[in-house]
Amino acid sequence: MAPRANWKGFLRLSLVTCPIALFPATSESDKISFNQINKKTGHRIKYLKVDADTGEEVDSDDIIKGYKVDTDRYLEVTKEELENIALESTRTIEIDEFVPRSEIDDLYLVRPYYIVPDGKVGHDAYAVIRETIRSLDKVALARVVLTNREHVISLEARDNGLMGMLLRYPYEVRDSAEYFEDIQDVKITKDMLDLAKHIVEQKSSHFEPDKFEDRYEQALQELLDQKRKGEPIAATRKPAPSNVFNLMDALKQSIQSGGKAAPAKTTKAKKAPAKPSRKAG
């Protein structure tokens with residue numbers, strides 16, 4: 001079954017226009033997902049839309065949007081009022097400017113889309129826009145409305161088509177200083193840095209996504225297969241933490257192990273006196 005387009009409209013560069021469709025470039029539909037069920041009956045849990053005060057179920061036709069302005073006060077906004085502020089970009093992706101890709105901080109990247117011609121017409125115009133973007137070695141910036149919100153989208157040539165990447169607005173990106181300001185400014189010795197670089201050389205490779213394995217997804221699948229067969233579920237033993245606490249020792253042992261995590265030491269430590277247990281409460 002062919003994938004369904006998330007959006008259909010027009011791509012425009014000045015007076016050059018062509019009909020296009022947007023398709024999500026990624027998908028998580030193949031991941032294992034769970035439903036919530038009633039432990040006593042085995043039935044699925046159903047969620048109802050209820051009035052927060054009366055507890056009564058509310059019909060979909062009686063539900064509107066509201067913007068909270070106070071504890072118990074909302075500004076009601078109707079569907080018609082939202083449609084009145086609809087932007088031209090609702091059905092048109094108009095290219096505004098071209099910028100170097102290197103200038104777009106990765107923090108602004110949201111979600112990729114494939115952009116393809118919609119139908120049999122407009123392929124010439126589509127090719128002109130695609131090759132113009134490719135020849136400039138830049139990305140085009142435009143705007144698109146998805147789920148009633150306008151987004152900035154960057155366009156770049158990819159293979160025989162175009163890839164669009166939704167971008168965040170500045171107010172959506174948090175300032176790193178809020179998180180990094182408490183990180184201590186420590187001095188790293190040349191010996192430590194040389195050892196760390198040696199570990200990097202041992203682990204250096206090329207980006208090959210085919211080598212990625214979703215180990216949690218595989219473990220989930222094995223668990224479900226075992227439960228289908230009625231096999232007993234054995235508890236897995238968690239690896240013991242490493243006993244290496246000295247940073248220089250950790251770097252040296254990492255090199256000796258070929259860049260892999262150093263195994264826990266097997267030497268027995270003196271047994272510490274038992275601590276009295278604390279009862280809950």
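**Close-up 1. Salt bridge between aspartate 118 and lysine 8 in the predicted model.** The side chains of aspartate 118 and lysine 8 meet with an N to O distance of 3.7 Å. Aspartate 118 lies in the loop between strand S6 (109-117) and helix H2 (123-136), whereas lysine 8 belongs to strand S1 (residues 7-13), so the pair ties together parts that are 110 residues apart in sequence. Both partners are partly exposed, aspartate 118 with a relative accessible area of 28% and lysine 8 with one of 46%. A search of the whole structure finds 8 salt bridges.

**Close-up 2. Salt bridge between aspartate 106 and arginine 101.** The closest N and O atoms of aspartate 106 and arginine 101 are 3.6 Å apart. Aspartate 106 is exposed, at a relative accessible area of 53%, while arginine 101 counts as partly exposed, at 33%.

Close-up 3. Arginine 228 is exposed, with a relative accessible area of 63%, whereas aspartate 225 is partly exposed, with 30%.

**Close-up 4. Patch of negative charge on the surface.** The residues gathered in this patch are Asp51, Asp53, Glu56, Asp70 and Asp72. Of these, aspartate 70 is found in strand S3 (residues 65-70), and aspartate 70 is partly exposed, with a relative accessible area of 44%.

Technical notes
Residues numbered from 1 in each chain as written. Predicted model: local features only at pLDDT ≥ 70, side-chain atom pairs only at ≥ 80, totals over all residues. Heavy atoms only, no water. Patch = residues over 30% accessible without salt bridge, like charges linked within 9 Å, V, L, I, M, F, W, Y side chains within 5 Å. Areas by Shrake-Rupley, 256 points an atom, 1.4 Å probe, with all protein chains shown as cover. Salt bridge = Lys/Arg side-chain N within 4 Å of Asp/Glu carboxyl O. Lys, Arg positive; Asp, Glu negative; His and termini not counted. Charge placed at Lys NZ, Arg CZ, Asp CG, Glu CD. Helix = DSSP H or I, 4+ residues; strand = E, 2+ residues; numbered from the N terminus. Buried < 20%, exposed > 50% of the residue type's maximum accessible area, 1.4 Å probe, protein only.
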